[in-house]
Amino acid sequence: MPLPDAEALCAELVKKLRPAVTPETAMVGIHTGGAWLAERLHRELGLTVPLGRLDISFYRDDYHKSGLHKSVKASQIPFEVDGRRILLVDDVLYTGRTVRAAMNELFDYGRPESISLVVLVDRGERQLPICAQYCGATHAVPKGAMLRLHRDDRGQLALRLDNA
Amino acid sequence: MHNPQLNAKGELAHLLTLEGLPREIIVNILDTAASFVGVTERDVKKVPLLRGKSVFNLFFENSTRTRTTFEIAAKRLSADVINLNITTSSTQKGETLLDTVDNLSAMHADMFVVRHAQSGAPHMIARHVGPERHVINAGDGRHAHPTQGLLDAYTIRHYKHDFGGLSVAIVGDILHSRVARSLIHVLNILGTPDVRVIGPQTLMPAGVESLGVRVCHDMREGLAGVDVVVMLRLQSERMRGPLLPSAQEFFKYYGLTPDKLAAAKPDAIVMHPGPMNRGIEIDSAVADGPRSVILPQVTFGIAVRMAVMSILGGS
């Protein structure tokens with residue numbers, strides 16, 4: 001089965017999100033693919049609260065097995081988290097571990113009123129009780145393969161399957 | 001020769017000296033530290049990386065400041081920190097260094113932060129404990145103070161962005177300074193084209209030129225056109241015999257005053273590893289002036305130590 005078209009899924013997500021956002025809605029993208037997607041959604045939805053970005057390397061549960069990731073980016077949360085409704089954005093939802101780490105990190109900035117999860121693709125195989133409230137498509141990929149979002153020089157988004 | 005700081009996979013397992021470290025390891029530490037600066041500016045200044053790990057601060061030589069910054073760094077990584085001031089404990093009862101380390105390893109220490117008056121003591125501990133436990137050199141004799149060198153490099157990169165065209169002057173008591181040695185090594189590794197050391201002949205180690213630095217004995221000549229001035233603490237406590245006529249004399253020739261600083265570039269920054277001797281190596285007008293980045297150095301130092309600990313702890 002061919003991979004879904006990322007640009008079409010983006011448009012789909014914008015349509016689903018539009019009725020849900022208010023001027024107070026904040027958005028946070030997870031590095032790297034999630035941040036690209038969030039940049040796009042943030043712009044298309046015309047959100048006014050500045051976009052946040054998380055690098056969850058300091059919160060990963062495999063640190064003791066795999067060590068600290070190289071080239072950790074700084075997380076930036078340029079708004080008050082307390083009492084905020086937050087849309088957390090990632091490109092691909094898989095085991096749920098990244099989302100778990102991202103939520104832990106967000107809570108170190110404050111106590112949000114709610115967090116909803118926005119993903120471009122849900123590839124299944126969850127290992128934690130986490131689900132997406134806004135999902136572009138579900139698409140199963142073979143275990144061990146890496147489904148990732150790519151962005152070209154013109155800012156076009158595309159999904160790609162890499163062998164781990 | 002195998003670098004004793006690296007494990008079989010080439011990852012950093014101990015931080016003993018900056019000499020001979022691959023450039024990419026140093027750049028990775030500085031980049032990781034930049035991410036930790038953000039963490040230290042949050043309300044919750046903690047991340048869970050070292051949760052459940054025990055960090056032992058083994059200070060065989062007193063240093064409240066360095067010990068405190070390591071303690072804060074470890075606590076911000078959620079480690080448990082145990083401070084041992086060994087000058088007042090077991091060694092005085094006759095226990096050897098390695099017996100002390102074995103005892104602490106039996107208490108499940110994961111990381112040792114070691115300061116020792118003898119050069120090479122942290123190396124000896126690192127060889128003894130192997131790659132599963134991690135050793136950080138927090139200053140050994142006149143040899144090395146790698147985390148200080150890294151935080152100095154971090155500070156320079158923060159303000160000057162790139163080492164490619166920089167002139168850096170290191171001033172004062174070079175002879176007794178492990179800070180100077182570590183800084184010279186890291187500046188070389190990062191490709192700094194012009195590193196100068198300035199001080200009286202009596203405080204200049206023999207053969208210092210072999211480290212790739214230019215030696216100057218005149219302050220104004222040495223500071224001419226530099227981007228960075230690093231002042232060193234005059235370590236009177238380490239001086240045996242008359243290396244200097246007097247502190248006043250030293251200040252007259254080598255103390256950093258606004259007048260001497262005028263020889264440097266107009267946007268030159270002034271650094272000092274602390275604790276400062278005001279009126280001996282640095283004038284208050286400079287230490288508290290607009291070009292001083294001495295307090296930011298302290299703040300960056302915590303992020304740099306968090307980076308080192310989190311990279312070692314995951315190796």
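## Helices H2 and H11 of chain B

H2(B) passes H11(B) in a right-handed crossing. This is a predicted model. Helix H2 covers residues 64-76 of chain B, and helix H11 covers residues 294-313 of chain B. Their axes come within 8 Å and cross at roughly 60 degrees. That angle makes H2(B) oblique to H11(B).

Which residues in H2(B) meet H11(B)? They are Thr69(B), Phe70(B), Ile72(B), Ala73(B), Ala74(B) and Arg76(B). On the H11(B) side stand Gly301(B), Ile302(B), Arg305(B), Met306(B) and Met309(B).

## Helices H1 and H5 of chain B

H1(B) passes H5(B) in a right-handed crossing.

H1(B) brings Ile29(B), Leu30(B) and Ala33(B) to the contact. H5(B) brings Leu150(B), Ala153(B), Tyr154(B) and Arg157(B).

## Chain B as a whole

Chain B has eleven helices and nine strands. Its radius of gyration is 19 Å, close to the 20 Å that the globule rule gives for 315 residues, so chain B is as compact as a globular protein of that length. Along the principal axes, the C-alpha atoms of chain B fill a box of roughly 55 × 45 × 40 Å.

Of the 315 residues of chain B, 46% count as buried. Take the contacts in chain B between residues at least 6 apart in sequence: 77% of them join residues at least 24 apart.

## The four-stranded sheet

One open sheet of chain B holds four strands, in the order E2-E1-E3-E4. The pairing is parallel. Strand E2 (80-85) and strand E4 (134-140) of chain B are the edge strands, and each pairs on one side only. From one strand to the next, the twist averages 15 degrees.

Strand E1 of chain B spans residues 54-59. Six bridges join E1 to E2(B), and the two run parallel. Within this pairing, Val55(B) has Val81(B) in E2(B) as its bridge partner.

## Helix H4 and its surroundings

Helix H4 of chain B covers residues 121-129. Its buried residues are Ala121(B), Pro122(B), His123(B), Ile125(B), Ala126(B) and Val129(B). What do they pack against? The buried residues of H4(B) pack against helix H3 (97-106), strand E3 (111-116) and E4 of chain B. E3 and E4 also belong to the four-stranded sheet.

Gly130(B) follows H4(B). Its phi is positive, near 75 degrees.

## The five-stranded sheet

Another open sheet of chain B has five strands, in the order E7-E6-E5-E8-E9. Here too the pairing is parallel. Strand E7 (214-216) and strand E9 (269-271) of chain B stand at the edges. Each has a single partner strand, so one side of each is left without a neighbour in the sheet. The twist averages 20 degrees from one strand to the next.

Four bridges join E5(B) to strand E8 (residues 228-231) of chain B, and the two strands run parallel. Ile170(B) has Val230(B) in E8(B) as its bridge partner.

## His176 of chain B

Where does His176(B) lie? His176(B) sits in the loop between strand E5 (167-171) and helix H6 (178-189) of chain B. Is His176(B) buried or exposed? It has 21 C-beta neighbours inside 10 Å; the threshold for a buried residue is 20 or more. His176(B) therefore counts as buried.

His176(B) and Leu232(B) are 56 residues apart in sequence. In space, C-alpha to C-alpha, they are 9.7 Å apart.

## Chain A

Chain A has four helices and seven strands. From the N terminus on, its elements run α-β-α-β-α-β-α-β-β-β-β. The radius of gyration of chain A is 15 Å, close to the 15 Å that the globule rule gives for 164 residues, so chain A is as compact as a globular protein of that length. Its C-alpha atoms fill a box of roughly 40 × 40 × 35 Å along the principal axes.

In chain A, 38% of the 164 residues count as buried. Of the contacts in chain A with a separation of 6 or more, 68% are between residues 24 or more positions apart.

Technical notes:
Residues are numbered from 1 along each chain as its sequence is written. Chains are lettered from A and ligands numbered from 1 in the order in which they are written. This is a predicted model: local features need pLDDT of at least 70, side-chain atom pairs count only at pLDDT 80 or more; totals for chains, interfaces and linings use all residues. Two strands pair if DSSP finds at least two bridges between them. Axes are lines fitted to C-alpha atoms, for helices over the stretch in contact, and angles run from 0 to 180 degrees between N-to-C directions. The radius of gyration is taken over C-alpha atoms; the globule rule is 2.2 Å times the number of residues to the power 0.38. A residue is buried if 20 or more other C-beta atoms lie within 10 Å of its own, exposed if 12 or fewer, and partly exposed in between; C-beta atoms are placed from the backbone. Two residues are in contact if their C-beta atoms, placed from the backbone, lie within 7 Å. Angles under 35 degrees count as roughly parallel, over 145 as roughly antiparallel, 65 to 115 as roughly perpendicular and the rest as oblique. A crossing is left-handed if the near helix is turned anticlockwise from the far one by less than a right angle, and right-handed if clockwise.
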